[in-house]
Amino acid sequence: MQESMGAGRLSEDSLKTIESVVVPQKEIFELPEKILQFGTGVLLRGLPDYYVDEANKQGIFNGRIVVVKSTAQNRADDFQQQNGLYTLCLRGWQDGKATSRDVINSSISRVIDSVSNWPAVLETAGNPEMKIVFSNTTEVGIVLDEKDLLQEDATPRSFPGKLLAFLLKRFELFQGDPEKGMIIIPTELITDNGRTLRKICLELARINSLSQPFIEWLENSNEFCDSLVDRIVSGKMESAQEAEEFKKLGYTDKLMIMSEVYGLWAIETASEKTLDALSFRKVDPGVIVTSDIEKYRHMKLFLLNAPHTFTCVIAQALGFKFVNEAMSDKTFESFIRQLLIEEAVPAVAGPDITIEEATKFAEQVLDRFKNPYIDHRWSDISKQMTLKIGMRCLPLISDYYVRFGKLPKQMIRGLAAYLLFLKNQNMETTSASTELNGRILPLTDAKAAILAEHFSDKANSTEVLIARILQDERLWPEAAIKATAGLHELVAATATAMEGMGLGTQIKL
């Protein structure tokens with residue numbers, strides 16, 4: 001793509017020639033840096049940074065983000081050449097129609113390469129305006145590296161090590177002022193991410209024999225907030241789609257990303273001081289700051305993740321490659337709607353989650369599944385299904401049974417389909433696969449061999465084998481299956497009916 005078209009490449013200088021989208025005002029670039037962000041990834045740029053940008057444009061938060069980069073991806077010079085600007089293309093499905101909006105995000109002031117310029121990262125610790133830390137270093141980023149020993153001006157090996165070094169420098173520069181502690185909000189997709197990061201930082205401080213006054217300041221003057229994020233950010237577009245977008249916008253952008261419109265960021269804190277500092281929460285109902293985020297985690301797990309898992313095998317058996325493609329089929333859409341609205345919602349609703357809240361969330365999930373702009377592959381959803389069945393699906397079936405005294409029909413169909421998915425597996429080829437309705441599908445499941453062991457027993461009935469599988473402690477978390485009368489029999493009958501009279505595994509709705 002030649003950069004001579006239209007306004008050329010997106011940058012602060014090119015803004016004056018851009019007419020296709022609202023551009024940030026000059027005052028934005030003069031705002032102080034208030035956030036230190038570890039990570040340049042698309043999730044951070046598509047969700048937290050989006051909310052900060054919206055708040056700045058409305059004159060609410062009035063602070064920009066310094067980004068610390070640790071990986072080769074998203075080169076720092078791209079951000080430098082574009083003055084931290086990038087286009088976020090919001091694409092969604094709401095109220096029965098597609099929605100589209102393009103935003104030039106101006107929340108990032110600069111990007112520092114932690115490998116080549118670690119002293120510049122430490123310099124930010126002396127900024128009295130700096131109040132907040134964001135991070136997304138993937139799930140493996142929040143781990144304890146016991147060999148991460150802090151050295152003067154040397155880049156720490158781990159993310160917790162980098163954060164600890166920054167906080168130590170801040171403690172020293174402000175002489176332990178308790179008012180200069182930070183609000184730290186990790187967005188990594190692990191449960192209790194804030195508490196886990198806090199624990200690691202404290203342990204790493206002790207491993208490094210840091211002073212007791214610093215450890216007390218770290219523990220008492222800094223708040224580590226658990227948080228939950230939910231938005232599909234697909235990142236870079238396909239080349240043809242990107243070229244069309246550049247033509248429409250009238251400029252090029254090497255940092256342009258696409259995301260769905262829906263967004264949720266639930267942040268846990270009971271501190272009024274923190275609540276005041278996170279003023280960007282006011283710009284969008286998707287930002288929820290509360291003393292307990294558990295109900296949002298519960299709804300995401302059982303009203304989004306579980307329906308995905310319950311339905312992905314059936315979708316693939318019917319020949320659907322993408323989620324949005326399956327949702328355009330009336331029969332499949334009816335199946336997943338029944339599972340979600342008539343079974344999952346009543347099972348999830350209770351003292352902490354009203355039926356109205358659960359229904360609203362579920363309807364949003366259906367809209368997200370229909371989003372024509374996001375091609376979410378069923379094959380990706382089907383990876384490690386045994387783990388997902390144990391964490392999401394079996395507990396939801398049990399909750400439904402405990403509440404209503406019967407088994408949820410559509411969930412049982414999804415569970416039976418999962419078993420058929422693992423029944424016809426082929427482990428002899430270079431890459432594992434399985435067969436459904438005559439289609440060879442990839443199989444990625446750490447527990448596949450255990451399922452194959454069960455299904456190799458030809459001396460027993462399907463009902464006996466399924467009963468053994470659903471009671472095998474090697475497959476499921478402890479107490480994943482509670483006393484659910486008739487479960488084994490109904491799953492076995494459903495699986496047998498799905499197979500039908502044809503050769504091989506046949507799944508029908």
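Me: Is Phe280 buried or exposed?
Reply: Phe280 is buried, because its relative accessible area is 0% and buried means under 20%. Bear in mind that this is a predicted model.

Me: Which ring does Phe280 pair with?
Reply: Phe61. The two are edge-to-face, at 5.6 Å centre to centre and with 70° between the planes.

Me: Where in the chain do Phe61 and Phe280 sit?
Reply: Phe61 is in the loop between α2 and β2 (64–69). Phe280 is in the loop between α9 (272–277) and β13 (287–290). They are 219 residues apart, so the pair links distant parts of the chain.

Me: And Phe61, buried or exposed?
Reply: Buried, with a relative accessible area of 4%.

Me: What lies over the face of Phe61?
Reply: Lys34, at 5.2 Å from the ring centre. Elsewhere, Arg91 lies over the face of Tyr373, at 5.9 Å.

Me: Which residues are in the cluster with Phe61?
Reply: Phe134, Trp265 and Phe280.

Me: How many aromatic pairs does the structure hold?
Reply: There are 14. One of them is Phe61 with Phe280. Another is Phe332 with Trp378, edge-to-face at 5.8 Å centre to centre and 70° between the planes.

Me: Where are Phe332 and Trp378?
Reply: Phe332 is in helix α12 (residues 330–348) and Trp378 in helix α14 (residues 378–381). They are 46 residues apart. Phe332 is buried at 0% relative accessibility, and Trp378 is buried at 0% as well.

Me: Switching to voids. How many cavities of 30 Å³ or more turn up?
Reply: Two, from a search of the whole structure.

Me: What lines the largest cavity?
Reply: The lining includes Ile232, His308, Arg368 and Phe369. By class, it has four nonpolar, four polar and one charged residue. α11 (323–327) and α13 (355–370) each supply at least two residues.

Me: Which helix gives the most to the second largest cavity?
Reply: α16, with three residues. Among the lining residues are Leu419, Leu420, Phe455 and Glu499. The classes are five nonpolar, one polar and two charged.

Me: What about the second largest pocket? How much space lies there?
Reply: About 640 Å³. It is lined by 27 residues, and the closest to its centre are Tyr262, Gly263, Gly286, Lys360 and Gln364.

Me: Which element gives the most to that pocket lining?
Reply: α13, with seven residues. The lining of this pocket has twelve nonpolar, six polar and nine charged residues.

Note on methods:
Residues numbered from 1 in each chain as written. Predicted model: local features only at pLDDT ≥ 70, side-chain atom pairs only at ≥ 80, totals over all residues. Heavy atoms only, no water. 1 Å grid on protein atoms, 1.4 Å probe; cavity = no way out; pocket = protein on both sides within 12 Å on 5 of 7 lines; lining within 4 Å. Points joined across faces, edges and corners; volume = space filled by probe spheres on them. Helix = DSSP H or I, 4+ residues; strand = E, 2+ residues; numbered from the N terminus. Nonpolar A, V, L, I, M, F, W, Y, C, P; charged D, E, K, R; others polar. Phe/Tyr/Trp six-rings, centres within 6.5 Å; stacked < 30°, edge-to-face > 60°. Buried < 20%, exposed > 50% of the residue type's maximum accessible area, 1.4 Å probe, protein only. Lys NZ or Arg CZ within 6 Å of the ring centre and 35° of its normal.
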